[in-house]
Amino acid sequence: MATFEDVKRKIEINKEVSFGDVLDNCFTLFKKIWLKGFVVIIIIMAIAFLMNLLFTAIGLGTDSNVFLLDGDFDFYSVYSTQILYGFPQTIIMSTITIGLLAGFYKICKEEDVNNNQIDHFFHYFKSECFSKLFMLGIIYSAIALVAQLMFMIPYIYAYVPLAYFSIVFSNNPDLSEMEIVKLSFNIGTKKWLVSFGLLFVCAIIGMLGIIGCGIGLLFTISIAYLPVYFIYKEVVGFDDLTEIDQIGTSQMD
């Protein structure tokens, strides 16, 4: 398992990433994992729905209708109150989402090198990982909350490093929470422009599924999670792959 310094050193080298190659690789891998991506999306949506019902039942749900009220009101005050009010729910959903995506990336890595292993959707929810996963959920939510309170530009900037939490955690579960956060921001800031561009393009492509009466979106949107996988693969690599695996995937790419 790579150490913090090992991963940081590879990021600092700042290896060039080709926008077109990553996009092509996203399409290639998506053809293999689209069904598993669909399962991840369904699980996240189902949990989010149940969590919203639960928090609403105990009086901690957010009310989007407050923005539709007539008359004068302080938009920022209402906006910030809604965000703060929903913070506990955000922590839980962030924890669950990071964990599920970490498992999804583990599946992606195995499909990428043609290792047909069992699915790992809940791999990182085991007891030895969960406390770390929960702390990452808190940190993720806190950073997102501060960025949201500062409105659009800071949130857009922070979104890219935050998107790397799951892939860094998936490949470095032995690192501490702060080391995972630091590495996520290192790679996210060094590769911000190409990351944002690929995330944006893949999100648009993923949303094309809405053409299929809306339900198609559930089958296609998981492609939006693949750019960070391939950027991480290009910049850091996967130390647990054998040399034969690495040769095989480089030829496929």
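## Burial and the overall fold

A residue counts as buried when its relative accessible area is under 20%. By that cut-off, Tyr124 and Phe169 are both buried. The model discussed here is predicted.

The protein has 253 residues, and 45% of them count as buried. Its secondary structure consists of twelve helices and zero strands. Among contacts between residues at least 6 apart in sequence, 78% join residues at least 24 apart. The accessible surface comes to about 13000 Å². Carbon and sulfur atoms account for 66% of that surface.

## Aromatic pairs

The structure holds 15 aromatic pairs. One of them joins Tyr105 and Tyr229. This pair is stacked, with 6.4 Å centre to centre and 15° between the planes. It links distant parts of the chain. Tyr105 sits in helix α4 (residues 87–112), while Tyr229 sits in helix α11 (residues 226–235). The two are 124 residues apart. Both Tyr105 and Tyr229 are buried.

Tyr124 and Phe169 form another aromatic pair, this one tilted. Their centres are 5.2 Å apart, and the angle between the planes is 50°. Tyr124 lies in the loop between α4 and α5, and Phe169 in helix α7 (residues 165–171), so the pair ties together parts 45 residues apart in sequence.

Ring pairs also build a cluster. Its members are Phe104, Tyr105, Tyr229, Phe230, Tyr232 and Phe238.

## A buried lysine

Lys132 lies in helix α5, which covers residues 127–149. Lys132 is buried, yet it has no salt bridge. The nearest side chain of opposite charge is that of Asp174, 5.6 Å away. A salt bridge needs a side-chain nitrogen of Lys or Arg within 4 Å of a carboxyl oxygen of Asp or Glu, so Asp174 does not qualify as a partner.

What is Lys132 in contact with, leaving aside its neighbours within four places in sequence? The partners are Phe169, Pro173, Asp174, Leu175, Ser176, Glu177 and Ile180. Phe169 is also the ring partner of Tyr124.

## Cysteines

A disulfide is a covalent bond between the sulfur atoms of two cysteines. With a cut-off of 2.5 Å between the sulfur atoms, the count comes to zero disulfides. Cys26 is in no disulfide. The nearest cysteine sulfur to that of Cys26 belongs to Cys202, 4.3 Å away.

Is Cys26 buried or exposed? Cys26 counts as buried because its relative accessibility is 0%. Cys129 has 9% relative accessibility, so Cys129 counts as buried too.

Notes. Residues numbered from 1 in each chain as written. Predicted model: local features only at pLDDT ≥ 70, side-chain atom pairs only at ≥ 80, totals over all residues. Heavy atoms only, no water. Buried < 20%, exposed > 50% of the residue type's maximum accessible area, 1.4 Å probe, protein only. Helix = DSSP H or I, 4+ residues; strand = E, 2+ residues; numbered from the N terminus. Lys, Arg positive; Asp, Glu negative; His and termini not counted. Contact = heavy atoms within 4.5 Å. Areas by Shrake-Rupley, 256 points an atom, 1.4 Å probe, with all protein chains shown as cover. Phe/Tyr/Trp six-rings, centres within 6.5 Å; stacked < 30°, edge-to-face > 60°.
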